[in-house]
Amino acid sequence: MKKTKEKDHYIKEIFKLEEAGEKVTVSALSKLFKVSKSSVSNMLKKLSLMELVDTLPYKPIKLTSKGRKFANEVVAKHRLIESFLVEVMQFNPNEVHEIAEEIEHINSPVFFSKVRKMLKQDTTDPHGSNIPKTDF
Ligand SMILES: [Zn+2]
């Protein structure tokens, strides 16, 4: 997995666990990503240096406000793309997740703002999840 993709992936999954009200721990992430606890810890150290997550001993992992803003954007991009694929391109809702996983990493806010403008409704994705508001 490419570095930026890995970072996006971690932040997004931590956001989704928090959204679902679940405790974010090294073992939960290690199970989810099917990687060792030490590689999860290494990645968390990097994310913590970037001030995206708070990691305290014996405490669940939390996104910082900067991390939350970043997560909001990645999640919004993913869900906007899923909506676009269904609403505009007539994909079946069960076909869009994998494609969105790829497209969400495009580094172009204007691209996603244009996607948003093309949608009739930009608040709920095809799976019924809320599409976060963003600055782009
Ligand atoms: Zn998806």
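Predicted model: local features only at pLDDT ≥ 70, side-chain atom pairs only at ≥ 80, totals over all residues.

Residues are numbered from 1 along each chain as its sequence is written.

Start with helix α3, residues 37–49. Helices (H or I, at least four residues) and strands (E, at least two) are DSSP runs, numbered from the N terminus. The buried residues of α3 are Val40, Leu44 and Leu47. They cover an arc of only 60° around the axis, so they sit on the same side of α3. That arc is taken over the directions from the helix axis to the C-beta atoms. An α-helix has 3.6 residues a turn, so residues three or four places apart point the same way.

The face turned away from the buried side carries exposed residues, among them Ser38, Asn42 and Lys45. Buried means 20 or more other C-beta atoms within 10 Å of a residue's own, exposed 12 or fewer, and partly exposed in between, with C-beta atoms placed from the backbone. Just after α3, Glu51 takes a positive phi of about 60°.

Now turn to α4 (residues 65–87) and α5 (residues 96–103), which pack at an angle of about 130° with axes 9 Å apart. Axes are lines fitted to C-alpha atoms, for helices over the stretch in contact, and angles run from 0 to 180 degrees between N-to-C directions. α4 and α5 are therefore oblique to each other; angles under 35 degrees count as roughly parallel, over 145 as roughly antiparallel, 65 to 115 as roughly perpendicular and the rest as oblique. Residues of α4 including His78 and Ile81 meet residues of α5 including Val96 and Ile99; contact requires C-beta atoms, placed from the backbone, within 7 Å.

How values were computed: Expected span 1.5 Å × (residues − 1). Contact = placed C-beta atoms within 7 Å.
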